Every structure is written in C-alpha cells, then in structure tokens.
Amino acid sequence: MENRLQHILLTIALAGACAISSAKALADADYDNEFVEFGLSAGVLNIEDFGSEPSLGASLTVKASEDFFLQVNYLQAEAALSSFEKSQGQLFSGSDRDFQHYDLLLGVNLFQAEFGRGGEPDLASFYLVGGVGDTTFGGEQSFTYTVGAGYQWAIWNNYLIKLDYRDYFYQTSLMAEEKTVHNGHISLGMSYVF
C-alpha cells in the first residue's frame, strides 16, 4: 500500500511539473522570459549514524511565476566508517557506501528584495521548498521526503549564488530496527538563469 501511495505522489508531482512548464510556455510576453536555471553546488551532508561528509549536487529549476517554482535535484556523497563500524567491523563496502539522492520539490519565494549597488538593482530572495524523492544508501533504496529553505542572490545578470539547507528523511533498517532517519544538508552553489 505504501509503495502504491509513493508512486501516486511521484506521478502527481511529475504531472504538475509538466502542467506548469506548459502553462509557462503559453504565458503572456510581459513576464520575464528567463525562467529556467541550472545550478551546481558543494556542501556538507550529515548522514545519520555515519557523520558529516562532503557532497556535490546539481539542480534544474523551472519558475512557474514570480513566487512559485519547481526544482529537480541530484546529490551524492560517500560515507566514511561510523563509530559503530570502527569498533564492531564494517557493515557494507564498495558502492553501498555511496549516498545518492534525487528529488522533485515545489518552492515558494517568501521574501524578495531589490537593492542597488551601482547601475542595476540586485535581486535576492528567501525561499522554502518541500517535496519527494528517492535515496540510495547502504544497499537500500528509500522513498524520501525533503523539506528545506534557502537564500539566493543575483550577483550578475544571469548568475545566482545560493545557500541552501535541506532535511532528507526516510525509513531505514540499516543500523538496527526500522526507524526514520534525518539527513541534514547544507550547500553553497551557483546557478545560471536562461
């Protein structure tokens, strides 16, 4: 039953992404035509029970309006030995130590601002995101919920600097009985708007 619900949620999210993308293509010419951005980021991922590890990520964002956007993200990191593994022996090795995550998020810009430092004004905004995705780690593949917040600042015409925090939470039985784990992630990235 849970698996069926997960597939339904992902299907609804993908259908929403297609609908917003189509609506954007038909929008009137008064709206800014730069509504897609591609970004790369680096950060630190706290893998629960394993510690904090460096991470790399990529994102693609489609702006539905000035306030709302859809975002697809990919993240990867590699887990070091946990304190349990250091004393009791390694639980898994090889590619099972790779933490890979992707998600589809709905975002909302809460506080948008323009401030000038010369010629053209700089744009900045604080935003919240939430959605669903998939995490592969320790030989398990888990349906994942994602919530987070971020701040972006347009430093040049088409470039944004982004500071993001995400919480990836899902059910796992990797270390003991099944439990919900929360993996916090903070990253700094740059996006190109086109």
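Student: How many bridges join β1 to β2, and which way do the two strands run?
Tutor: Twelve bridges join β1 to β2, and the strands run antiparallel. Strands count as paired if DSSP finds at least two bridges between them. The model is a predicted one, in which local features need pLDDT of at least 70 and side-chain atom pairs count only at pLDDT 80 or more, while totals for chains, interfaces and linings use all residues. Residues are numbered from 1 along each chain as its sequence is written, and side-chain values use heavy atoms, with hydrogens and water left out.

Student: Which residue does Asp49 form a salt bridge with?
Tutor: Asp49 pairs with Lys179, and the closest N and O atoms are 3.0 Å apart. A salt bridge here is a side-chain nitrogen of Lys or Arg within 4 Å of a carboxyl oxygen of Asp or Glu. This pair links distant parts of the chain, with Asp49 in the loop between β1 and β2, Lys179 in strand β8, and 130 residues separating them.

Student: Why does Glu48 count as partly exposed?
Tutor: Glu48 counts as partly exposed because its relative accessibility is 26%. The classes are buried for under 20% relative accessible area, exposed for over 50%, and partly exposed in between (1.4 Å probe, protein chains only). Lys179 is partly exposed because its relative accessible area is 31%, and Asp49 is partly exposed with 34%.

Student: How many salt bridges are there by this rule?
Tutor: The count comes to five. One of them joins Asp164 to Arg166, whose closest N and O atoms are 3.4 Å apart. Both Asp164 and Arg166 are buried.

Student: Which residue stands opposite Thr61 in β3?
Tutor: Gln71 stands opposite Thr61. A polar contact of 3.0 Å also joins the side chains of Thr61 and Gln71. Such a contact is a pair of N or O atoms within 3.5 Å; within protein, one must be able to donate a hydrogen and the other to accept it, and residues adjacent in sequence count only if both atoms are side-chain atoms.

Student: Is Thr61 buried or exposed, and what does Thr61 touch?
Tutor: Thr61, which lies in strand β2 (residues 51–63), counts as buried because its relative accessibility is 2%. Leaving aside residues up to four places away in sequence, Thr61 touches Phe35, Val36, Glu37, Phe69, Leu70, Gln71 and Lys162. Contact means heavy atoms within 4.5 Å.

Student: What stands opposite Leu60 in β3?
Tutor: Val72 stands opposite Leu60 there.

Student: Which residues form the nonpolar patch on the surface?
Tutor: Phe38, Leu40, Leu60, Val72, Trp156, Tyr159, Met190, Tyr192 and Phe194 form it, with about 890 Å² of accessible area together. β1 (36–47) and β8 (179–193) are the elements that give two or more residues to the patch. Patches are made of residues with over 30% relative accessible area and no salt bridge; like charges are joined within 9 Å, and nonpolar side chains (Val, Leu, Ile, Met, Phe, Trp, Tyr) within 5 Å. Accessible areas come from the Shrake-Rupley method with a 1.4 Å probe, and for residues only the protein chains shown count as cover.

Student: Where is Tyr159?
Tutor: Tyr159 is in strand β7 (residues 159–172), and at 35% relative accessibility Tyr159 counts as partly exposed.

Student: How many helices and strands are in the protein chain?
Tutor: The protein chain has two helices and eight strands. Buried residues make up 36% of its 194 residues.

Note on methods
Helices (H or I, at least four residues) and strands (E, at least two) are DSSP runs, numbered from the N terminus.
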